[in-house]
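Here's a quick look at a few local features of this model.

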Amino acid sequence: MTDLKIELKHKLLKTIEIQNKLVGNSNNFDNNTEEAFVNLGNYWIDRIGKESFTLTSIKSIASEILTYWKESIGINTELFWIELQKNNIDFKRKDELNFALEKGRFRRVDIGIGARKDWSVIKEFDSIQKRFSKEDIEKIDLIIDQDEKTRHEILRKCLRNNKITQTQYLKFGECWAYISNCELWDRYFNKDEVEELLNIWKKFESK
């Protein structure tokens, strides 16, 4: 048990080191997000170096550190798991791309945003080519296209009806975040339409 705990601790410390380096070298995180990642990593490096943790506790810490990397799609996520593999770190990956293939959709809007922004790049990675067949890669292309189409149609419907229904409110916010983060406003809406959508949103919130 002691050897297993020591091994897991070393893997966790190396994982945090990989995370901190990756986040620090990336241009895809804003300053606040980067600081939060690094601060959390350094917090656990400090505690693990000074305190004695049980095996269960170390597993729990690892789960906390890995949460983002298990629940995201993107260039940084793919690079993170590639680095872990290079360093023989075998933490189990919960691949959101597998969920999308199984369900035909993304589990959350932020995951869909990551896929829409980075899939065209990461689908050429060796790590993706090895994990997924050509048919699976094409299916993910279609899932991303459908996600974008659906979110555009929801906003377009609200614009046509000049209102957001109670049942649409959360979806409206998600669609707004999707179109904004993926920089798709100019593709689907002119400036007047964007302003009108914003006013519709404000009217709903002022009720």
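## Two asparagines with positive phi

N88 sits in the loop between helix 4 and helix 5 (helices are DSSP runs of H or I, at least four residues, numbered from the N terminus). Its phi is near 55°, a positive value in a residue other than glycine. With 66% relative accessibility, N88 counts as exposed (exposed is over 50% relative accessible area, buried under 20%, partly exposed in between, with a 1.4 Å probe and protein chains only).

N162 also isn't a glycine, yet has a positive phi of about 55°. You'll find N162 in the loop between helix 8 and helix 9 (169-181), partly exposed at 38% relative accessible area.

## About the model

This is a predicted model: local features need pLDDT of at least 70, side-chain atom pairs count only at pLDDT 80 or more, and totals for chains, interfaces and linings use all residues. Residues are numbered from 1 along each chain as its sequence is written, and side-chain values use heavy atoms, leaving out hydrogens and water.

## A buried aspartate

D95 belongs to the loop between helix 4 (75-86) and helix 5 (96-103), and at 11% relative accessibility it counts as buried. Leaving aside neighbours within four places in sequence, D95 is in contact with R131 and F132 (contact means heavy atoms within 4.5 Å).

## Helix 5 against helix 8

Helix 5 and helix 8 (residues 134-161) pack at about 80°, with axes 10 Å apart. That makes the two helices roughly perpendicular (65 to 115 degrees). L97, A100 and L101 of helix 5 meet D136, K139, I140 and I143 of helix 8.

Definitions and conventions: Axes fitted to C-alpha atoms, helices over the stretch in contact; angles between N-to-C directions. Parallel < 35°, antiparallel > 145°, perpendicular 65-115°, else oblique.
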